[in-house]
Amino acid sequence: MLALLFAGIGCDPPCVQDLDLDCAPLYSDLSWDTVHASTIETSCASAGCHSADDAAGDLVLTPAQTAWVALVEPATGAARVLPGDAACSPMIIRTESEAAASLMPPGAPLGEAERCVLRLWVQQGASR
């Protein structure tokens, strides 16, 4: 089981301890367009949670350019992705959570290979 650890250095919520970055991703192309189309749009935006019609947490994850800005460089609020720091990125913390109340997507967690794609994309700089 993944344990959460508060690093005490500005990482709130707590970072994921022992985040697996040697995982096997669902696909090898970790470009933003592929990550968005194959994981984020299909699992987060199309489910209605983060679509333009139902922006849970004021987060819209479609189209791809809007989603990248909302995750990495939002006009207001904190970034949900910290390029190069998957363990402390709020998006990764939420997709890796063991607590049902904070797990994303709710009720239908991503598979390990999908979570691996997100972890590696963030760790490699979250480029678009």
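**Reading the calls in a predicted model**

Trainee: Why is Leu 21 called partly exposed?

Mentor: In this predicted model, Leu 21 has a relative accessible area of 32%. Buried would require under 20% and exposed over 50%, so a value in between is called partly exposed. Leu 21 is found in the loop between β2 (15–16) and α1, and, apart from neighbours within four places in sequence, Leu 21 is in contact with Ala 86, Arg 119, Leu 120 and Gln 123.

Trainee: How far apart are Leu 21 and Ala 87 in sequence and in space?

Mentor: They are 66 residues apart in sequence, while their C-alpha atoms are 9.6 Å apart in space.

Trainee: What makes Arg 119 count as buried?

Mentor: Arg 119 has 1% relative accessibility, and because the cut-off for buried is under 20%, the residue meets it. Arg 119 has its place in helix α4. Setting aside neighbours within four places in sequence, the contacts of Arg 119 include Leu 19, Asp 20, Leu 21 and Cys 23, as well as Ala 86, Ile 92 and Glu 96.

Trainee: How do you know that the side chains of Arg 119 and Glu 112 make a polar contact?

Mentor: The distance given for that side-chain pair is 2.6 Å.

Trainee: Why is α1 described as roughly perpendicular to α2?

Mentor: The axes of α1 (residues 32–45) and α2 (residues 64–72) come within 10 Å and cross at roughly 95 degrees. Angles of 65 to 115 degrees count as roughly perpendicular, so that is the term for α1 and α2. In this contact, Trp 32, Asp 33, His 36 and Ile 40 of α1 meet Ala 64, Gln 65, Ala 67, Trp 68 and Leu 71 of α2. By class, the contact comprises six nonpolar, two polar and one charged residues.

Trainee: Which residues of α2 are buried, and what do they pack against?

Mentor: The buried residues of α2 are Ala 67, Trp 68, Ala 70, Leu 71 and Val 72, and they pack against α1, α3 and α4.

Trainee: Which residues have the most contacts inside the largest nonpolar core?

Mentor: Leu 71 and Trp 121 do, in a core of 31 residues. At least two residues of this core come from each of α1, α2, α3 (90–96) and α4 (112–123), and α4 gives the most, with six residues. Beyond neighbours within four places in sequence, Trp 121 is in contact with residues including Leu 30, Trp 32, Val 35, Trp 68 and Val 72. In soluble globular proteins, nonpolar side chains tend to be buried together.

Terms used: Residues are numbered from 1 along each chain as its sequence is written. This is a predicted model: local features need pLDDT of at least 70, side-chain atom pairs count only at pLDDT 80 or more; totals for chains, interfaces and linings use all residues. Side-chain values use heavy atoms; hydrogens and water are left out. Axes are lines fitted to C-alpha atoms, for helices over the stretch in contact, and angles run from 0 to 180 degrees between N-to-C directions. Helices (H or I, at least four residues) and strands (E, at least two) are DSSP runs, numbered from the N terminus. Angles under 35 degrees count as roughly parallel, over 145 as roughly antiparallel, 65 to 115 as roughly perpendicular and the rest as oblique. Contact means heavy atoms within 4.5 Å. Ala, Val, Leu, Ile, Met, Phe, Trp, Tyr, Cys and Pro count as nonpolar, Asp, Glu, Lys and Arg as charged, and the others, Gly among them, as polar. A nonpolar core is a set of buried Ala, Val, Leu, Ile, Met, Phe, Trp, Tyr and Cys residues joined through side-chain atoms within 4.5 Å. Buried means under 20% relative accessible area, exposed over 50%, partly exposed in between (1.4 Å probe, protein chains only). A polar contact is a pair of N or O atoms within 3.5 Å; within protein, one must be able to donate a hydrogen and the other to accept it, and residues adjacent in sequence count only if both atoms are side-chain atoms.
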